Amino acid sequence: MSIIMIMEPVTMLEILSYPFMQRAIWATLLVGTLASFFSVFIVQRKMSFVGNGLAHASFGGVALALLLGLSPFWIATPFTIAVALLFVWFSRNSKLESDSLIGVLFSVAMALGIIFLSWRKTYSQDAMSLLFGSILTVSEEDLIWAVGLLTFSLLTLPLWSRWAFSTFDRELASIEKKNSSFHDYLLAVFIASTIVVAIKVFGIILLSAFLVIPAASARLISRTFFGMTLKSIFLGLFSSLVGIFLSYFCDLPTGAAIILVMGVVFALCF
């Protein structure tokens, strides 16, 4: 959904005075920071399809929440986390490759979402906004969830070095008893939670791009993993802010505008 409204030309300060625009900017900053931070692990671990699969798997939880008439956060969050934990468990305890697991787990979760929606007898505009994103509908509750998740994510900063170590050499991390299994599960929980929080802003369909492009761009211009992390966050925030104002002034869907800006940034980095 586009941010633009039918109104006379306004100045930048007037735009920032609108409550919906303030919520949209805060949501973009919070979600952009979270997604860009965790995207470096997704890209470096070659889990891009996993991020894409989790984004689509969250549809099952969202659809169930709509069927029950509850907030998507209360249902979609544990649902998506459960799928992410199952993926980690199967990847560590079976001979199947990750792409095969994606095809099984995430397709089943998506199918459940379609069934849940079919049981809902009335048309649901909420389902469409969650599929394609609707930053105009960002509420105070959405911001509270984003702030809460960002706060918990900041508490994991001391674990960044262990996650990074395990990312580059999983076998050595296991040999040195870095408890890589626990950190894999913990990282999966945070990635799944970030996906659910970001759905309202970017939509399920476009969300996977936000989990890949910032880190992919940063990787092209970084020499160290720490530098890649910082640049990923910066590029994600920069693209989000430019995209949100581009959406407003050019009457474009917000999520799509942000992703297009990210695409331009990636091209420049390349």
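## Overall fold

Helices here are DSSP runs of at least four residues, numbered from the N terminus. By that count, this predicted model holds 13 helices and zero strands. Read along the sequence, the pattern is α-α-α-α-α-α-α-α-α-α-α-α-α.

The protein has 270 residues, and 50% of them are buried. Take the contacts with a separation of 6 or more: 77% of these join residues 24 or more positions apart. The accessible surface of the protein is about 13200 Å². Carbon and sulfur atoms supply 71% of that surface.

## Helices H3 and H4

H3 spans residues 48-68, and H4 spans residues 72-93. Their axes come within 8 Å and cross at roughly 145°. The crossing of H3 and H4 is right-handed.

Which residues meet between H3 and H4? On the H3 side they are Val50, Leu54, Ala57, Ser58, Gly60, Gly61, Val62, Leu64, Ala65 and Leu68. On the H4 side they are Pro72, Ile75, Ala76, Phe79, Thr80, Val83, Ala84 and Phe87.

## Val62 in H3

Val62 lies in helix H3. Is Val62 buried or exposed? Its relative accessible area is 2%, under the 20% cut-off, so Val62 is buried. Beyond its neighbours within four places in sequence, Val62 is in contact with Ala76, Leu130 and Ile199. Ala76 is also among the H4 residues that meet H3.

Thr77 gives a distance for reference. Val62 and Thr77 are 15 residues apart in sequence, and their C-alpha atoms are 8.7 Å apart in space.

## Ser153 in H7

Ser153 sits in helix H7, which covers residues 140-155. Its relative accessibility is 4%, so Ser153 counts as buried. Setting aside neighbours within four places in sequence, Ser153 is in contact with Leu34, Phe38 and Phe190.

Thr194 is 41 residues from Ser153 along the chain. The C-alpha atoms of Ser153 and Thr194 are separated by 9.6 Å.

## Helix H11

H11 has eight residues, 213-220.

## A nonpolar surface patch

Some nonpolar side chains do reach the surface. Val104, Val108, Leu112, Ile115 and Trp119 form a nonpolar patch there. Together they have about 450 Å² of accessible area.

Leu112 belongs to this patch. Leu112 lies in helix H5, residues 98-119. With a relative accessible area of 32%, Leu112 is partly exposed. An α-helix has 3.6 residues a turn, so residues three or four places apart point the same way.

## Asp251 between H12 and H13

Asp251 lies in the loop between helix H12 (225-250) and helix H13 (254-269). What is the phi of Asp251? It is positive, about 55°, although Asp251 is not a glycine. Most residues other than glycine have a negative phi.

Asp251 has a relative accessible area of 46%. That value falls between the 20% and 50% cut-offs, so Asp251 counts as partly exposed.

How values were computed
Residues numbered from 1 in each chain as written. Predicted model: local features only at pLDDT ≥ 70, side-chain atom pairs only at ≥ 80, totals over all residues. Heavy atoms only, no water. Helix = DSSP H or I, 4+ residues; strand = E, 2+ residues; numbered from the N terminus. Buried < 20%, exposed > 50% of the residue type's maximum accessible area, 1.4 Å probe, protein only. Contact = heavy atoms within 4.5 Å. Patch = residues over 30% accessible without salt bridge, like charges linked within 9 Å, V, L, I, M, F, W, Y side chains within 5 Å. Areas by Shrake-Rupley, 256 points an atom, 1.4 Å probe, with all protein chains shown as cover. Salt bridge = Lys/Arg side-chain N within 4 Å of Asp/Glu carboxyl O. Axes fitted to C-alpha atoms, helices over the stretch in contact; angles between N-to-C directions. Left-handed = near helix turned anticlockwise from the far one by under 90°.
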